[in-house]
Amino acid sequence: MTRLADLVETAQLREDVTLGPLTTYKLGGPARWYAEPHDEDELREVVAAVRADPAGGDAPVLVLGRGSNLAVADAGFPGLVVRLGSGFAGIDIAPDGTVTAGGAAPLPVLARTTVAAGRGGLEFFVGIPGSVGAAVRMNAGCLGSETVDWLIAARVLDLFGGTVAWRPAGDLGLAYRHSDLGDGDVVVGARFRTEPSTPEAGSAVLREVTRWRRDHQPGGTLNAGSVFKNPPGDHAGRLIDAAGLKGLRVGGVAVSAKHANFFVADRSASAQDVYDLVWTVRRRVQAATGVLLEPEIRFAGLFRPHPDAPAGERAT
């Protein structure tokens, strides 16, 4: 029996796990293999076992956070999907206010935990439905604040080399919704600075952020957050609206009437509908405004080619 088979036998590695329920769109097929490792050693072991097995070989690896900003293909993902387990969800606040959080810690929990401890600065995270690891990878932000503004360092594990190290924020190439982290880099932890505050003042900021989201974003719907990055000096939602695309529908997915940079799915939707609507909107916005929007949403798995998708994005 191979090591991969051993891990399947002990349920450290599972086969054909449906990914849709693990995403905010609730769409998508199964992963060939799926694991929720609880520490760094188990994470290394699972990846190594899949890549060393003849059945795994060069199978792609997808690190899944809280499932926002992601659409998984209806056919699923033909490789290994890793979702950091509970051992990566801890949050610790040092006496000097330095916060150490695991890569799987939910951002809203991080925001509320620091506020309760009388520390300020991370309140904006309450408006982002993702994980700490994903926030570092994409330099997530909300209402004028970004992860890079408060990040001290990230603990990054190289899935393919097996090495792990704390890397200073300045070495990560963080820019607007961007980092230099590669596909094999997993953020298993992060350290943030905070500033003195009070639970009362922090709670007021949390309420402000939550109220803004409720007033400006289509809450209570199946969506993946912002679909496109904002171009320099403008907003993707404004450009989509200016192109007259609010309400545009492909299958079971439509451009939100409340915020045009959110695409809302109904229960009849497929992941392919999301994919097709993204590239259709991108092409129509360029035709109407001259601006070529860059997707913030990620696609995992194989999608049917769409004529408006760049060649490199037709099968991801």
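Colleague: Which ring does the charged end of Arg193 sit over?

Modeller: The ring of Trp150, with the charged end 4.1 Å from the ring centre. Bear in mind that this is a predicted model.

Colleague: And what about Arg191, which ring is under its charged end?

Modeller: That one is Trp166, and the distance to the ring centre is 4.0 Å.

Colleague: Staying with rings, how many aromatic pairs are there?

Modeller: The count is eight. One of them is Tyr275 with Phe303, a stacked pair with 4.7 Å between centres and 10 degrees between planes.

Colleague: Where do those two sit in the chain?

Modeller: Tyr275 is in helix H7, residues 271-289, and Phe303 is in the segment after strand E18 (298-300). They are 28 residues apart, so the pair links distant parts of the chain.

Colleague: Is Tyr275 buried or exposed?

Modeller: Buried, because its relative accessibility is 0%. Phe303 has a relative accessible area of 5%, so it counts as buried too.

Colleague: What is the geometry between Phe299 and Phe303?

Modeller: Their centres are 5.3 Å apart and the planes are at 75 degrees, which is over 60, so the pair is edge-to-face. Phe299 is buried, as is Phe303.

Colleague: Which residues make up the cluster?

Modeller: Tyr275, Trp279, Phe299 and Phe303, linked by ring pairs.

Colleague: Switching to strands. What is the order in the open sheet of four?

Modeller: E1-E2-E5-E3, with mixed pairing. The edge strands are E1 (14-18) and E3 (61-63), each of which pairs on one side only. From one strand to the next the twist averages 40 degrees.

Colleague: How do E3 and E5 run, parallel or antiparallel?

Modeller: Parallel, joined by three bridges, with E5 covering residues 77-82. Leu62 has Val81 in E5 as its bridge partner.

Colleague: What does helix H2 lie across?

Modeller: H2, residues 40-52, lies across E2 (30-35) and E5, and runs at about 160 degrees to E5.

Colleague: Next, E6 and E7. How many bridges join them?

Modeller: Three, between E6 (residues 91-93) and E7 (residues 99-102), which run antiparallel. Ile91 has Ala101 in E7 as its bridge partner. The hairpin has five residues between the strands, and Gly97 takes a positive phi near 95 degrees there.

Colleague: And what stands opposite Ala101 in E13?

Modeller: Ala190. E7 and E13 (residues 185-192) run antiparallel and are joined by four bridges.

Methods:
Residues are numbered from 1 along each chain as its sequence is written. This is a predicted model: local features need pLDDT of at least 70, side-chain atom pairs count only at pLDDT 80 or more; totals for chains, interfaces and linings use all residues. Side-chain values use heavy atoms; hydrogens and water are left out. Two strands pair if DSSP finds at least two bridges between them. Axes are lines fitted to C-alpha atoms, for helices over the stretch in contact, and angles run from 0 to 180 degrees between N-to-C directions. Contact means heavy atoms within 4.5 Å. Rings of Phe, Tyr and Trp (its six-membered ring) pair if their centres lie within 6.5 Å; planes under 30 degrees apart count as stacked, over 60 as edge-to-face and the rest as tilted. Buried means under 20% relative accessible area, exposed over 50%, partly exposed in between (1.4 Å probe, protein chains only). A charge sits over a ring if NZ of Lys or CZ of Arg is within 6 Å of the ring centre and within 35 degrees of the ring normal.
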